Amino acid sequence: MEPEKKSVLSRKSVTRRKFLDLTTKGTLATTALISGFPAIVPASVFGKNAPSNRINIGALGVGRISRTHDMPSVLQYDNALIMAVCDVDSKRAEDGKQLVNRYYTKKNGKDYDGVKVYTDYRELLTNKDIDAVIISTPDHWHAPMVVHSVEAGKDVYMQKPASLTISEGRLMADAVKRTGRIMQVGSQQRSSHQFRYAAELVRNGRIGQLKTVYVGLPGDPSGDEEPQMPVPKNLNYDMWLGTTPEVYYTEKRVHPQVGYDRPGWLRCEQFGAGMITGWGSHHIDCAHWAMNTEYTGPVEIWGKADFPKSGLWDVHGIFRTEARYENGVHMIVSNELPNGIRFEGTEGWIFVSRGDASVTASDPVDKQRAAKALDASDPKILSSVIGPNEIHLTVSKEHHGNWLESIVSRKEPIAPAEVGHRSCSACLLHHAAMKLNRKLYWDPQKEQFKNDADANKLLSRTQRSPYAIKAVASTKSR
């Protein structure tokens, strides 16, 4: 692709104070694009005089998943430069800076100290030299940060799941579409050969007509009650809580103050739904890919789950939920199934998983139960060649690299916002069925439960000021 010859940034600038004021007051409505930010990639990326034509990136949230997965994955690309890091925990922010500086020092063979540190992401977004951001925060900050980032003219890579609620996910997807930004959801299984090939085999009828999909997820144990603790001086706990209710600080509710082990917030419903979205966003996303239901969702959902009766950690435990799609496919999701996806059709079955691979060392992967990444009822299915006139799905060799390629080409990445929203929505529908313990009827077009006021209350949560995102009106991405 030829680099652009000149900048097309013709809009008036928005001051740092104005942007912080808008976001702090919660009035950055998703129906109104802030006029001072560019609608296309700035010349700092593709301009004729740009050093190496690099994409300047800021990392929002530099904890476990950022340090072990997101930042290392981006650092390997010469056309990307992580120039800033941000975390509400100042110790973690400084650690993130040192990690990136050490990488570039080793790579370039000379001392490097070019990474800027922020503790408020809103300030980072006012930096005009930053072209894109990686969002690696807890789940409850995903959608708000995406909305603010795209309206600040930044392209986005965001860890899954897409949102804390279906309502927030819709606001996020709409904001991405309206602003024309590139956004990649961190559903990196789409960039794994076996998941794409399994989806192609199913889409091309190698197991006949698809009837049933089994999705096996890991589980999370409950925990003890935890005492209130003083908030560490290095942590802006109020901002960490964000849109969610104010609750007392205890270390196991947030993240370790020493080291980067698996954080406790993953098991608190205030900040996420547990494994149904944590891993479900991966597996249900890939199931949708094979089912050709990426832009819709189930129409019936039912099931049950065990929830802890005491303790700090309160996400679901053992569960089994089911769903039926308009095309008649029946999906069963449970943490008592092997971790992976099993597609059953009229002429055979295919099972796909990560095998014994994991993204981080603390990922709950049962290596004995999921050691074989791809299996089928007949070995001949797995040697099948997808012909030139058959369905071929998008090929991505590496997920973060695919995002960077999309920033350059301005073409949709392999896991775009709307698809990520739909995958997350399906997970949250299963979660709603767990909570209500009865069959629910869903309208994928209206994105509402049918004749069920109690279920529709679960589509959104009250958002705490001053961190709320809101919409004056919803303009759905269809």
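Reader: Which residue in S12 is the bridge partner of Ile341?
Author: That partner is Val352. The model is predicted: local features need pLDDT of at least 70, side-chain atom pairs count only at pLDDT 80 or more, and totals for chains, interfaces and linings use all residues. Residues are numbered from 1 along each chain as its sequence is written, and side-chain values use heavy atoms, leaving out hydrogens and water.

Reader: What makes S11 and S12 a pair?
Author: Two strands pair if DSSP finds at least two bridges between them. Five bridges join S11 (residues 340-345) to S12 (residues 348-352), so the two count as paired. They run antiparallel. Strands (E, at least two residues) and helices (H or I, at least four) are DSSP runs, numbered from the N terminus.

Reader: Why are S13 and S15 placed at the edges?
Author: The open sheet of nine strands has the order S13-S12-S11-S7-S10-S9-S8-S14-S15, with mixed pairing. S13 (374-376) and S15 (448-449) each have a single partner strand, so one side of each lacks a neighbour in the sheet.

Reader: How do you know that H11 lies across S7, S10 and S11?
Author: Contact means heavy atoms within 4.5 Å, and H11 (residues 280-291) lies across those strands, running at about 25° to S11. Such angles run from 0 to 180 degrees between N-to-C directions, with axes fitted to C-alpha atoms, for helices over the stretch in contact.

Reader: What makes S4 and S5 a pair?
Author: S4 (residues 132-135) and S5 (residues 155-158) share four bridges in the parallel sense, so they too meet the rule for pairing. Val133 stands opposite Val156 in S5.
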